[in-house]
Every structure is written in structure tokens, then in C-alpha cells.
Amino acid sequence: METGEKIVNRYTEKPVKTKNGFAMLALILLLLLGSIAAAVCGPVFVSSFNTGLAVAMVVLGVLVFIFDLFLMAGLKILNPNEALVFTLFGKYHGTLKGDGYFWVNPFCEGINPGGAPTTVTINGNTSVNLGAKKISLKTMTLNNEKQTVNDERGNPIVIGTIVIWRIVDTTKAVFNVQNYRTFLGTQCDSATRNIARMYPYDLMDDDDQGEKTLRGSSQEIAEMMKKDLQERVSMAGLEILEVRITHLSYAPEIAAAMLQRQQAEAVVAARKKIVEGAVGMVEMALDQLGKDQVVELDEERKAAMVSNLLVVLCGNKDAQPIVNSGSIY
């Protein structure tokens, strides 16, 4: 009995046997003309002396015409960066890559789970898109919708990502998963949640300033998401080229509270700068008064002067001075 890993990896990508499409098209056209000539023109010339031969030519012409239509089903056109994965009677037959005009076994069937049928409604008319059999090998973008996850502290945050990816192994993409596009989207959600819960959204005052955060280390976090996602989708033959964080914010239910905390931190930081500047100005004023000997102040008067200057310099509003026309004592 095969193990799960062997079952997943038992298909190896191999090229399918093809013939030149233009040569086969010429042969098909030649057979088409011959079948028409045999079925239409043949009986005209031979019916007069051999009725049986005339009937045989008609039957032969019809059979060649049907066989010719069967051969036409093997003609395939591939554009650059496209591939076709073929199965023959339920078994993997090969992969066709490279742009050009080809002919393959008409019994082969192209398979592409990522090109699932979709229903489109335009102006009230419903049409069904049967999905393309061709697999695109181009670099593609997955716009992962915003989702609410919890960071390391349990705070709900809203995060959105973009994944740049491509298919590198068509057999794994087709046979190992049900639908590689759906599989990639699901694994992207899982990788985003897994990495986001390992780090806080932002640092608090008492946190280690060297700690990584979702907001301050977005590039490093995106690289971790890329690595984690690549490990998850390797079994589907996908390569993750880049992961970018396009949206990051607190969830609405706690956004107001976090905004107040950020505003409080900004006010405290601003006050700290104001106090530091005011103390420096007071020291400078006292030193200058003592150096120039403008006035001699005892310790009590210096304390009063310091208090008054700090009130003036640190206040939110302009001070209303009171002029003392008498003696300072």
C-alpha cells in the first residue's frame, strides 16, 4: 500500500509526444479534399459501368471524412507561457509546453482544475464559461482580502496581503490538489494568521525596543509569510515570488482605544520636550543673572523665580503677568 507522500509525488512532469501542427494540417486538408472527391465525384465517373464500386467510393469517402474530423481534434495552439496537461483514458500522458502549433493524440484530454466553470450574468443574460484547459505559467497575483486576526497580545487587527506566484510543476498543480487557486487562497489565509499571532502590532512603553512588530518590521514579517506559505504550497507545484502587506490596522472595536493611547503617548513625549527646554532656559536665566550681577537672589527668591518661569514656559495658554512696581522684598 502506497503512503500519502508517495501518492502525492508519484507524478513526474514529462513532455508529451507531438507532431508538427502545420504538417498535420496539410495532411488533414488533403484527406478532406480526397474524401469529398471520393464521395461526390467518384460515383459520377464509375456508376455507369460499376455500381458496386461507386457505392464503395461513397462509403470510403464518408469514412475518411469522419476520420479527418477526428484528426482535427488533435490540433493545439499554445501561446508563450502556457501549458497543457493531457490524460489518456484516465492516466497521465504528458505535458505540452512551448509556444507554437502542435498535433497530439486526439484521444488525449486536457485537464485544468484551476479553470473551473464560472457563471456570468450580463444585462440579464446568463452565460457559462466552461473554463480554459490551458494552464498559465505566467507570474500571477493573488489579492488576499482583508481579514481579522489576533496579534501576540490577543488584540484583533485587520491585515491584507498580496501574493505574487506562478506554477512551476504542472503535474503537481493538476493532480495533487483539487483546485490550485482555491488551495493557494486558503493556505495564504492560514499563513497570515500563523505569522501575525507571533508578533505584537506595536510596542508598548515597557517593551524591548528591539522586538519585531507587525507595524515596525513589515518587510521582515512579509518575508516570514513568504517562507511559511512556500512550505505550504510546494506540494501543489507553486512558487511564491513575493508577499506584501497591503493593509494593517487595529480592528474597529479597539481602534478608538488604541488611538487614545497613541495620542496620550504623543502628549507625554511633547510635554517631556517642553519641560526639558524650560529647565534649560531657567538654568540659563539664573546663570546669566548671577554672572552679570544684575540682581542678587536668595534661595527662596530663586525658587519662586524658577516656579514662575516654569509656569510661563510650560503652560498651555499665554500667562497674564502682574507687574510689581514696588520692592521685590
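The legends below describe close-up views of a predicted model.

Local features are reported at pLDDT of at least 70 and side-chain atom pairs only at pLDDT 80 or more, whereas totals for chains, interfaces and linings use all residues. Residues are numbered from 1 along each chain as its sequence is written, and side-chain values use heavy atoms, with hydrogens and water left out.

**View A. The salt bridge between Glu82 and Lys134.** A salt bridge is defined as a side-chain nitrogen of Lys or Arg within 4 Å of a carboxyl oxygen of Asp or Glu. Five such bridges are found in a search of the whole structure. In the one between Glu82 and Lys134, the closest N and O atoms are 3.8 Å apart. Glu82 belongs to strand S3 (residues 82-88) and Lys134 to the loop between strand S8 (125-129) and strand S9 (135-136), so the pair ties together parts that are 52 residues apart in sequence. Helices (H or I, at least four residues) and strands (E, at least two) are DSSP runs, numbered from the N terminus. Glu82 is buried at 16% relative accessibility, while Lys134 is partly exposed at 31%. Here, buried denotes under 20% relative accessible area, exposed over 50%, and partly exposed the range in between (1.4 Å probe, protein chains only).

**View B. Salt bridges of Arg232 with Asp228 and of Glu242 with Arg244.** Arg232 and Asp228 meet at an N to O distance of 2.7 Å. Both residues lie in helix H6 (residues 218-233), four residues apart, about one turn of the helix. Asp228 is buried, with a relative accessible area of 14%, and Arg232 is partly exposed, at 24%. In the bridge between Glu242 and Arg244, the closest N and O atoms are 2.8 Å apart. Glu242 is partly exposed at 30% relative accessibility, as is Arg244 at 44%.

**View C. Asp68, a buried residue with no salt bridge.** Asp68 is located in helix H3 (residues 51-72). The nearest side chain of opposite charge is that of Lys19, 15 Å away; Lys and Arg count as positive and Asp and Glu as negative, and His and the chain ends are not counted. Apart from residues up to four places away in sequence, Asp68 touches Ile28, Leu31 and Leu32. Contact means heavy atoms within 4.5 Å.

**View D. The largest nonpolar core, with 35 residues.** A nonpolar core is a set of buried Ala, Val, Leu, Ile, Met, Phe, Trp, Tyr and Cys residues joined through side-chain atoms within 4.5 Å. Val163, Trp165, Ile167, Leu184, Leu229 and Ile240 touch the most other members of this core. At least two core residues come from each of S3, strand S10 (140-150), strand S11 (156-167), helix H4 (170-175), helix H5 (180-196), H6 and strand S12 (238-250). H5 gives the most, with seven residues. Beyond its neighbours within four places in sequence, Ile167 is in contact with Ile135, Ser136, Leu137, Ala173, Tyr180, Gly237 and Leu238. A second, separate core has eight residues, among them Val16, Phe86, Val104 and Cys108.

**View E. Aromatic pairs, of which the structure holds six.** Rings of Phe, Tyr and Trp (its six-membered ring) pair if their centres lie within 6.5 Å; planes under 30 degrees apart count as stacked, over 60 as edge-to-face and the rest as tilted. Phe89 and Phe107 form a tilted pair, 5.6 Å centre to centre with 40° between the planes. Phe89 is in the loop between S3 and strand S4 (91-97), and Phe107 is in the loop between strand S5 (100-103) and strand S6 (109-110), 18 residues apart. Phe89 is exposed at 68% relative accessibility, whereas Phe107 is partly exposed at 47%. Trp165 and Tyr180 form an edge-to-face pair, 6.4 Å centre to centre with 65° between the planes. Trp165 lies in strand S11 and Tyr180 in helix H5, so the pair ties together parts that are 15 residues apart in sequence. Both Trp165 and Tyr180 are buried. Ring pairs also link Phe67, Phe70, Phe89 and Phe107 into a cluster.

**View F. An open antiparallel sheet of three strands in the order S1-S5-S2.** Two strands pair if DSSP finds at least two bridges between them. Strand S1 (19-20) and strand S2 (75-78) stand at the edges with a single partner strand each, so one side of each is left without a neighbour in the sheet. S2 and S5 pair in the antiparallel sense over four bridges. Leu78 stands opposite Gly100 in S5.
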